[in-house]
Amino acid sequence: MSSYLSGMNVLVTGASDGIGAELAVKLAQNGAGSLILAGRNKSRLEETAQRCKVPCRLVVADLATSEGVDQLLSEISGEDVDGLVNNAGVGLGGRFEDLSVEDQDRMIYLNCQALTRLSHTLLQSMKDRERGFILLVGSLIGYAGGPGMAAYSGTKGFVNRFAESLNWEMKDQPIRILLLAPGVTQTSFFKTAGISEDHIRAGQMSPEDVAGEAIRGLLSDRGVVVAGWRNRMLLFLVRFAPRWLVGIVSRKMFSKILSPGHQAGECDA
Ligand SMILES: NC(=O)c1ccc[n+]([C@@H]2O[C@H](COP(=O)([O-])OP(=O)(O)OC[C@H]3O[C@@H](n4cnc5c(N)ncnc54)[C@H](OP(=O)(O)O)[C@@H]3O)[C@@H](O)[C@H]2O)c1
């Protein structure tokens with residue numbers, strides 16, 4: 001058990017499923033004293049809480065709206081939050097022009113604005129108490145870009161850059177900032193994004209393995225965790241290949257989402 005996380009009170013958004021649920025469990029296993037689990041699906045939050053085996057407070061809130069973020073912040077106001085895991089996020093698959101503006105607005109709010117507001121509010125009290133961390137879940141696609149998920153790629157580009165810049169900004173403070181950039185992970189993410197499983201190539205990681213790498217990265221204050229050696233190799237190629245080549249490969253990888261028969265994703269954000 002890590003002494004760094006020992007007794008910490010940690011807020012995890014998107015804790016009802018996938019990577020967020022596994023992060024919550026691993027935080028508890030590594031010493032977190034209590035958790036605030038946020039999401040919209042109460043019964044799934046309860047399932048995560050049971051797996052965590054530490055005191056958990058559940059907050060049901062729709063973080064794709066400013067009212068939902070207000071509600072979450074008001075429910076935890078006055079409470080010392082030592083760690084924030086900004087994990088809640090959704091994707092939208094399909095050609096940009098076929099996706100509704102409303103769905104994209106909600107996705108952008110959830111993936112970027114909610115995460116920024118929560119970080120801004122909670123960081124101040126962490127600084128005052130000289131203790132805390134913020135873990136932000138970006139994505140490999142935020143480095144590469146993805147035709148067929150253009151707006152989603154943009155939101156994750158924002159998270160990747162924001163997290164890394166904040167990490168550099170906070171180097172003189174006792175606050176850890178970690179960017180987790182997963183590649184394709186076996187969760188409900190693609191179904192929710194309206195992308196069929198067989199449109200996604202092999203090499204997927206389990207959410208448990210992704211969360212495990214993230215927590216090890218947090219404990220060793222690594223700053224950035226790209227989960228999985230295959231994804232680290234892919235990122236190496238993305239960084240050194242000319243952008244036109246990245247574009248050709250991306251178009252090939254996402255060709256089924258771009259094909260005329262593909263139904264643009266229905267946003268469940
Ligand atoms: N799976 C991948 O291949 C992959 C790759 C790279 C990055 N990521 C990122 O990893 C993060 C977690 O995704 P995942 O793969 O674990 O997907 P997931 O299994 O679908 O989980 C998404 C989580 O976000 C929550 N959420 C969705 N809409 C919400 C809303 N409007 N308000 C509050 N919470 C909301 C969901 O909870 P409720 O439904 O209960 O609200 C759920 O707990 C996301 O930021 C995603 O972009 C995923």
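## Lysine 53, a loop residue

Lysine 53 counts as exposed because it has 10 C-beta neighbours inside 10 Å. The scale works like this: a residue is buried if 20 or more other C-beta atoms lie within 10 Å of its own, exposed if 12 or fewer, and partly exposed in between, with C-beta atoms placed from the backbone. You will find lysine 53 in the loop between α2 and β3. Its phi is positive, about 55°, although lysine 53 is not a glycine. Most residues other than glycine have a negative phi.

Before going further, please note that this is a predicted model, in which local features need pLDDT of at least 70 and side-chain atom pairs count only at pLDDT 80 or more, while totals for chains, interfaces and linings use all residues. Residues are numbered from 1 along each chain as its sequence is written.

Where does aspartate 221 lie? It lies in the loop between α8 and β7. With 12 C-beta neighbours inside 10 Å, aspartate 221 counts as exposed.

## The chain as a whole

The protein chain has 11 helices and seven strands. These are DSSP runs numbered from the N terminus: helices are H or I with at least four residues, strands are E with at least two. Buried residues make up 46% of the 269 residues.

The radius of gyration, taken over C-alpha atoms, is 18 Å, which agrees with the value near 18 Å for a compact globule of 269 residues. That globule rule is 2.2 Å times the number of residues to the power 0.38. Along its principal axes the C-alpha trace spans about 50 × 35 × 30 Å.

## The sheet and its helices

The seven strands of an open sheet follow the order β3-β2-β1-β4-β5-β6-β7, with parallel pairing. Because β3 (56–60) and β7 (224–226) stand at the edges with a single partner strand each, one side of each is left without a neighbour in the sheet. On average, neighbouring strands of this sheet are turned by 15° against each other, direction ignored. Two strands pair if DSSP finds at least two bridges between them; β6 (residues 175–181) and β7 have three, in the parallel sense. Alanine 181 has valine 226 in β7 as its bridge partner.

Helix α8 (residues 207–219) packs on the sheet and touches β5 (132–137), β6 and β7, with its direction at about 155° to that of β6. Helix α2 (residues 42–52) lies across β2 (34–39) and β3, running at about 165° to β3. Such angles run from 0 to 180 degrees between N-to-C directions, and axes are lines fitted to C-alpha atoms, for helices over the stretch in contact. Two residues are in contact if their C-beta atoms, placed from the backbone, lie within 7 Å.

## Tyrosine 109

Leaving aside neighbours within four places in sequence, tyrosine 109 is in contact with Ala64, Thr65 and Ala114.

## Around the ligand

The ligand is surrounded by 30 residues, the closest being Gly14, Gly18, Gly39, Arg40 and Gly89. A residue is near a molecule if its C-beta atom, placed from the backbone, lies within 6 Å of it. Helix α1 (18–29) and α7 (189–192) each supply at least two residues of this shell, and α1 gives the largest share, three residues.
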